[in-house]
Amino acid sequence: MAKEKSVAPTTNAVKKEDVKKLGFFKRIKKWFREMRSELKKVIWPTPKQTAKNTGVALVVMAISAIVIWGFDEIAQMIVKAVISIAG
């Protein structure tokens, strides 16, 4: 039988590559460049879609406000009834 040699990992294989850190302003420049690149990929809504979505949001907010107002009025009547009975 042939003898198997165990190969121990060398320190060169284990070390990570030395990554040179960029300066502060170069990092900012890189960030803006990447942001610009990503913004080019965005599919922007049409003005019609924006108006429709805004309308839906306003209607939902109005309905929510009315529901909250209704619960507040009911709670207020209950508290007044309890106070008048106890008082």
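In this presentation, helices are DSSP runs of H or I with at least four residues, strands are DSSP runs of E with at least two, and both are numbered from the N terminus. By that definition, the protein chain has three helices and zero strands. From the N terminus on, the order is α-α-α.

Please note that this is a predicted model, in which local features need a pLDDT of at least 70 and side-chain atom pairs count only at pLDDT 80 or more, while totals for chains, interfaces and linings use all residues. Residues are numbered from 1 along each chain as its sequence is written, and side-chain values use heavy atoms, leaving out hydrogens and water.

Let me begin with confidence. The pLDDT is the predictor's confidence in each residue, from 0 to 100. The protein chain averages 86, and 78% of the residues score at least 70.

I turn next to the surface. Accessible areas come from the Shrake-Rupley method with a 1.4 Å probe, and for residues only the protein chains shown count as cover. The protein chain has an accessible surface of about 9,300 Å², and carbon and sulfur atoms account for 68% of that. A residue is buried under 20% relative accessible area, exposed over 50%, and partly exposed in between (1.4 Å probe, protein chains only).

The number of buried residues among its 40 is zero, so α3 lies largely in the open. Its expected span is 1.5 Å times one less than its number of residues. For residues 47–86 that gives 58 Å, and the end C-alpha atoms of α3 are 58 Å apart, which agrees.

Now consider the nonpolar patch. Patches are made of residues with over 30% relative accessible area and no salt bridge; like charges are joined within 9 Å, and nonpolar side chains (Val, Leu, Ile, Met, Phe, Trp, Tyr) within 5 Å. Here F24, F25, I28, W31, F32, M35, L39, V42 and W44 form such a patch, with about 980 Å² of accessible area together. One of these residues, V42, sits in the loop between α2 (24–40) and α3. V42 is partly exposed because its relative accessible area is 34%.

Which arrangement does the aromatic pair of F24 and F25 adopt? Rings of Phe, Tyr and Trp (its six-membered ring) pair if their centres lie within 6.5 Å; planes under 30 degrees apart are stacked, over 60 edge-to-face, and the rest tilted. The structure holds two aromatic pairs. F24 and F25 are edge-to-face, at 5.3 Å centre to centre with 75° between the planes. The pair of W31 and F32 is also edge-to-face, because the ring centres are 4.9 Å apart and the planes stand at 80°.

Finally, I come to charge. Side chains of opposite charge can pair when their charged atoms come close. A salt bridge is a side-chain nitrogen of Lys or Arg within 4 Å of a carboxyl oxygen of Asp or Glu. The whole structure has two salt bridges. K30 and E34 form a salt bridge at 3.9 Å, N to O; both lie in helix α2, four residues apart, about one turn of the helix. E38 and K41 form a salt bridge with their closest N and O atoms 3.2 Å apart. K41 counts as exposed because its relative accessibility is 58%, whereas E38, at 48%, is partly exposed.
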